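Open the model in your viewer and keep the sequence panel beside it. The stops below are given in the order in which to select them.

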Amino acid sequence: SQNEQDSRFYGKFALVPTFEPADQQEAYEMAKAAFDLSERYRIPVLMRLTTRMAHSRAAVETGEARAENPLSHPEQPRQWVLMPGNSRVRYKTLLEESASSPFNACTEGPDKRLGIVACGIAHNYLMENYPDGCPHPVLKIAQYPLPRDLVRRIAAECGTLLILEEGQPVVEEAVRGVLPNPLTIRGRLTGELPRTGELTPDSVRAALGM
């Protein structure tokens, strides 16, 4: 299309898991994890690749090739009947998967005046600006639905949150609805990051006040 669409909206609307890699190695590993998740629960998944990720390259450590799965009939045909009784149970499972995902992780930092939520490639940009390690607590988000407990955890430790994400302020808007107490939240909506255009290491650097 003429402009880059933020496919996280589609994942949120359709209630399907969405993966957003931070670097090339993670993109490789996520593809395997996404297929595993799809086959385990018999559901579609989304893999979000932003422009810069798609246009970049790096050496990737590969794993062993796996044999093709045998054809099989669904063990629970009832799962295709999306009545509320089924869909509620299945959505709860997806929330639990996101909360325990190894791709979502909190990293401690000594300077808790600021907490940083970095989504996908934005985490890569953040670490480019802190090659020796970030002094602030960081929540890396790479699998959705939004891991609400991890968001609440970093918010409880920090006075201000900076949301770094490529595309639309999807997480920034969601975080405002997740946190029960007033908290200063900065990002694309507040002007620390440009409201339009591509996210870059330089724009992240400016948002950090560096």
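**Stop 1: strand β4**

Select V117 and then L139, its bridge partner in β5. This is a predicted model, in which local features need pLDDT of at least 70 and side-chain atom pairs count only at pLDDT 80 or more, while totals for chains, interfaces and linings use all residues. Residues are numbered from 1 along each chain as its sequence is written, and side-chain values use heavy atoms, with hydrogens and water left out.

Strands here are DSSP runs of E with at least two residues, and helices are runs of H or I with at least four, numbered from the N terminus; two strands pair if DSSP finds at least two bridges between them. A118 has L164 as its bridge partner in β7.

In a regular strand, side chains alternate between the two faces of the sheet. Which residues of β4 lie on each side? L114, I116 and A118 are on one side, G115, V117 and C119 are on the other, and all are buried. Buried means under 20% relative accessible area, exposed over 50%, and partly exposed in between (1.4 Å probe, protein chains only).

**Stop 2**

Go to R48, in the loop between β2 (46-47) and α3 (51-54). R48 counts as buried because its relative accessible area is 3%. Its side chain comes to 2.9 Å from the backbone oxygen of E166. Beyond neighbours within four places in sequence, R48 has contacts (heavy atoms within 4.5 Å) that include D6, T18, F19 and G167.

Next select E20, P21, R48, L49, T50, M53 and I121, which line the largest cavity. A cavity is a set of points on a 1 Å grid over the protein atoms alone where a 1.4 Å probe fits but cannot get out, and lining residues have an atom within 4 Å of a point. The space inside is about 30 Å³, a volume being the space filled by probe spheres set on the points.

**Stop 3: S101**

Finish at S101, in the loop between α4 (84-99) and β3 (105-107). Is S101 buried or exposed? S101 is buried, at 5% relative accessible area. A polar atom of its side chain lies 3.1 Å from the backbone nitrogen of F103. Then select F19: its C-alpha is 10 Å from that of S101, although the two are 82 residues apart along the chain.

Key: A polar contact is a pair of N or O atoms within 3.5 Å; within protein, one must be able to donate a hydrogen and the other to accept it, and residues adjacent in sequence count only if both atoms are side-chain atoms. On a 1 Å grid over the protein atoms alone, a cavity is a set of points where a 1.4 Å probe fits but cannot get out, and a pocket is an open set with protein on both sides within 12 Å along at least five of seven lines; lining residues have an atom within 4 Å of a point.
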